[in-house]
Amino acid sequence: AWPAQRQGITRVVSQTVRREPAGSRLVQECEAPGTAGVRLEAYLPDDQPWVDLTVTVVKEWQIQPEACYLAFPFRIAAAQPSYETATAVVRHDADQLPEANRDFVTVQNWVDLANAEHGATVVTLDAPLAMFGGFNFGRQQRQAGGKSGLFVSWLMNNYWDTNYASA
């Protein structure tokens, strides 16, 4: 095993906010270690209860183990995570078999964190791995941890020899 060294965006190079006919758009160009740049673009429509977020990471070549995450710290007390996988809806932990992996899950289209009063759904078109409650990779949890409302979208890694060169 190698020690995890978490690093984030180190500098916002530019930021623009633009009013559009049906909403507002925020664009940030950023610097981050191991990348040639990160672009965050959020569109907030005037008449819809959602935000369209696009994150573009231009990765530099790396053979050492690395991963890229996007954290969504939703303020939803006692959130029950659920997700779509293989065209089925799964409630994290509640619908999983004993000894099944609870550190991370594969997601087909979306994840949802909700309680009886509030909820948030994230569509994960290009990010099929997810963690709930924290950075859980390698913990070998027998049951999921607390229901904090934290969703971590695992954008990429080079740990396995699939889609990326392995470390």
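1. Which residue of β12 does Leu129 stand opposite? Leu129 stands opposite Trp154. The two strands concerned, β11 (residues 129-132) and β12 (residues 150-157), pair in the antiparallel sense over four bridges. Strands here are DSSP runs (E, at least two residues) numbered from the N terminus, and two strands pair if DSSP finds at least two bridges between them.

2. On the basis of the note: this is a predicted model, in which local features need pLDDT of at least 70 and side-chain atom pairs count only at pLDDT 80 or more, while totals for chains, interfaces and linings use all residues. Residues are numbered from 1 along each chain as its sequence is written, and side-chain values use heavy atoms, with hydrogens and water left out.

3. On the sheet: β11 and β12 belong to an open sheet of four strands in the order β5-β12-β11-β8, with antiparallel pairing. Its edge strands, β5 (67-73) and β8 (105-106), each pair on one side only.

4. On the second largest pocket: its volume is about 850 Å³. A pocket is an open set of points on a 1 Å grid over the protein atoms alone, where a 1.4 Å probe fits, with protein on both sides within 12 Å along at least five of seven lines; lining residues have an atom within 4 Å of a point. The volume is the space filled by probe spheres set on the points, which are joined across faces, edges and corners.

5. On the lining of that pocket: there are 26 lining residues, and Leu53, Thr54, Phe72, Val122 and Val123 lie nearest the centre. Strand β4 (52-59) gives the most, with seven residues; β4, β5, β10 (119-123) and β12 each supply at least two. By class, 18 are nonpolar, five polar and three charged. Here Ala, Val, Leu, Ile, Met, Phe, Trp, Tyr, Cys and Pro count as nonpolar, Asp, Glu, Lys and Arg as charged, and the others, Gly among them, as polar.

6. On the aromatic rings: rings of Phe, Tyr and Trp (its six-membered ring) pair if their centres lie within 6.5 Å, and planes under 30 degrees apart count as stacked, over 60 as edge-to-face and the rest as tilted. The count comes to six aromatic pairs. Phe72 and Phe74 are stacked, at 5.9 Å centre to centre and 15 degrees between the planes. Phe72 counts as buried because its relative accessibility is 17%, whereas Phe74, at 24%, is partly exposed. Buried means under 20% relative accessible area, exposed over 50%, and partly exposed in between (1.4 Å probe, protein chains only).

7. On a second stacked pair: the rings of Tyr83 and Phe132 have centres 6.1 Å apart and planes at 25 degrees, so they are stacked. This pair links distant parts of the chain, with Tyr83 in β6 (residues 80-85) and Phe132 in β11, 49 residues apart. Both Tyr83 and Phe132 are buried. Ring pairs link Phe72, Phe74, Tyr83, Phe132 and Phe151 into a cluster.
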